[in-house]
Amino acid sequence: MTADKQPITTGGQIGPELPLAGEMNPRVPAGARQLRVLLLAESANPKLYSVSLIGWSFARALSHVADVHLVSELRNREDILAAGVAGMEFTAINNRRWQGLAWNIARLLRGGTSLGWSTYSGLATLVYPFYEREVWRVFGSRLKRGEFDLVHRVTPNAPVTPSLLAKRCADIGVPFVLGPINGGVPWPKDFTHLRRAERDWLSPLRGLSRYLPGYTATRRYAAAILVGARSALAEMPERYHAKCVRLSENAIDLDRFPRCAPPALAKPLRVAFVGRLVPLKGVDMLIEAAAPLVRQGQVNLDIIGDGPELPRLKLLCEKLGITGGVEFPGWLDHSQITGRLGRANVLGFPSVREFGGGVVLEAMALGVVPIVLDHGGPAELIPPGGGFVLPMGSRASLVHQFGVTLANLAAAPEQLRVLARCAQDHVHQHYTWAAKASQVLEVYDWVLGRRADKPNYSFTPHE
């Protein structure tokens with residue numbers, strides 16, 4: 001079913017506080033029936049990456065443990081239908097006029113499609129309520145009739161994006177679950193120049209988001225808020241922490257990342273990077289750190305991805321005299337990533353402002369040991385003994401730390417066996433989509449009063 005009527009306004013009101021999740025909900029008696037979930041994922045696409053892939057993966061995983069009706073944006077319809085919606089219902093909502101307007105304005109401000117994602121997210125936040133208004137037009141009467149046990153908004157995962165449905169669901173007694181939300185990672189003080197290079201014009205104004213219509217009401221009326229990282233929890237007002245559940249938004253697809261033997265240890269050590277080649281990813285720091293080892297034949301680099309930084313990175317390799325030890329295969333399809341990344345022994349991921357870092361989980365699933373910075377989401381995915389988390393510092397200090405870490409691994413690669421095994425065990429136990437679906441189902445049981453204790457999933461095992 002596709003709804004073609006264009007929404008025309010936005011909403012979100014503030015009222016009295018809701019009771020905390022965990023209280024009994026008489027609408028849903030305990031029993032064996034699968035829960036009926038209206039799953040909102042404005043961004044959900046099996047062919048894309050990042051948030052869109054997360055939205056689709058959540059829907060597919062939850063469809064195995066609940067009766068899911070996925071609601072996404074019309075732009076995703078063909079790809080979703082091509083992937084197959086067996087096991088769930090699906091509705092496409094047409095919000096292309098407003099979403100397209102945000103996209104085009106952001107493109108003008110950022111000078112292309114690869115930079116300034118914070119700018120686009122900010123503009124998309126302003127037009128998103130039109131999507132939820134249309135969702136209410138299509139599903140409001142069904143929600144009032146009790147056809148769904150709860151509503152769960154998975155995407156957008158930006159913490160500043162308000163929801164007009166939170167209060168409307170509360171008014172009719174249907175719990176509204178938000179998240180996992182993620183974001184709020186500040187630009188490191190030594191890298192404000194990268195914010196300008198990324199054409200991120202809106203980050204300095206981010207504090208104004210609390211004045212958006214519906215911003216406070218979303219938190220007040222949500223039955224549960226899934227927070228994907230410490231930064232997102234830190235931004236949440238203390239009075240709402242009782243309804244917050246810590247749950248990362250990322251997981252691995254076992255069809256693409258099955259349990260396998262870690263990459264063979266051989267010389268030279270193979271180090272890979274995977275991601276958009278944009279300034280904030282810090283790929284130039286990885287190249288500079290590895291350059292002496294590449295010249296000595298101890299390390300080879302595989303820079304997997306594409307973006308506006310690609311020409312500059314290739315010139316840097318020429319300047320450093322390491323072109324023979326660095327490969328740039330470009331952007332790879334989902335089906336190609338596993339084989340290419342699986343050749344590496346180490347994932348070098350020096351991104352200075354990363355919210356989720358799903359590629360870190362994918363690398364660990366393959367037995368590729370990650371090196372990340374202690375700033376943002378990636379550091380929270382790595383268990384003790386499963387990788388390296390380097391303290392944030394100046395550019396020079398990060399280049400030095402990466403260089404020392406790579407040199408130590410190149411000199412004693414056998415230590416990678418234990419690290420790889422720990423990383424794989426951690427991911428396959430806690431970060432498969434099946435595990436994620438089970439965790440979310442526990443949250444559903446909590447908000448519906450089927451369990452008394454609030455689930456809590458630590459960001460790292462030692463917490």
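Me: In what order do the six strands of the open sheet lie?

Reply: Strands of a sheet pair through backbone hydrogen bonds, either parallel or antiparallel. In this predicted model, the order is β11-β10-β9-β12-β13-β14, with parallel pairing. The edge strands, each pairing on one side only, are β11 (326–330) and β14 (388–390). Strands (E, at least two residues) and helices (H or I, at least four) are DSSP runs numbered from the N terminus, and two strands pair if DSSP finds at least two bridges between them.

Me: How many bridges join β12 to β13?

Reply: Four bridges join β12 (residues 346–349) to the parallel strand β13 (residues 369–373). Gly348 stands opposite Ile371 in β13.

Me: Which strands does helix α12 touch?

Reply: Contact means heavy atoms within 4.5 Å. Helix α12 (residues 358–365) packs on the sheet and touches β9, β12 and β13.

Me: Is Ser248 buried or exposed?

Reply: Buried means under 20% relative accessible area, exposed over 50%, and partly exposed in between (1.4 Å probe, protein chains only). Ser248, in the loop between β8 (244–246) and β9, is buried, because its relative accessible area is 9%. Leaving aside neighbours within four places in sequence, Ser248 is in contact with Pro180, Gly228, Leu381, Tyr431 and Lys436.

Me: Which conventions apply here?

Reply: Residues are numbered from 1 along each chain as its sequence is written, and side-chain values use heavy atoms, leaving out hydrogens and water. As the model is predicted, local features need pLDDT of at least 70 and side-chain atom pairs count only at pLDDT 80 or more, while totals for chains, interfaces and linings use all residues.

Conventions: Axes are lines fitted to C-alpha atoms, for helices over the stretch in contact, and angles run from 0 to 180 degrees between N-to-C directions.
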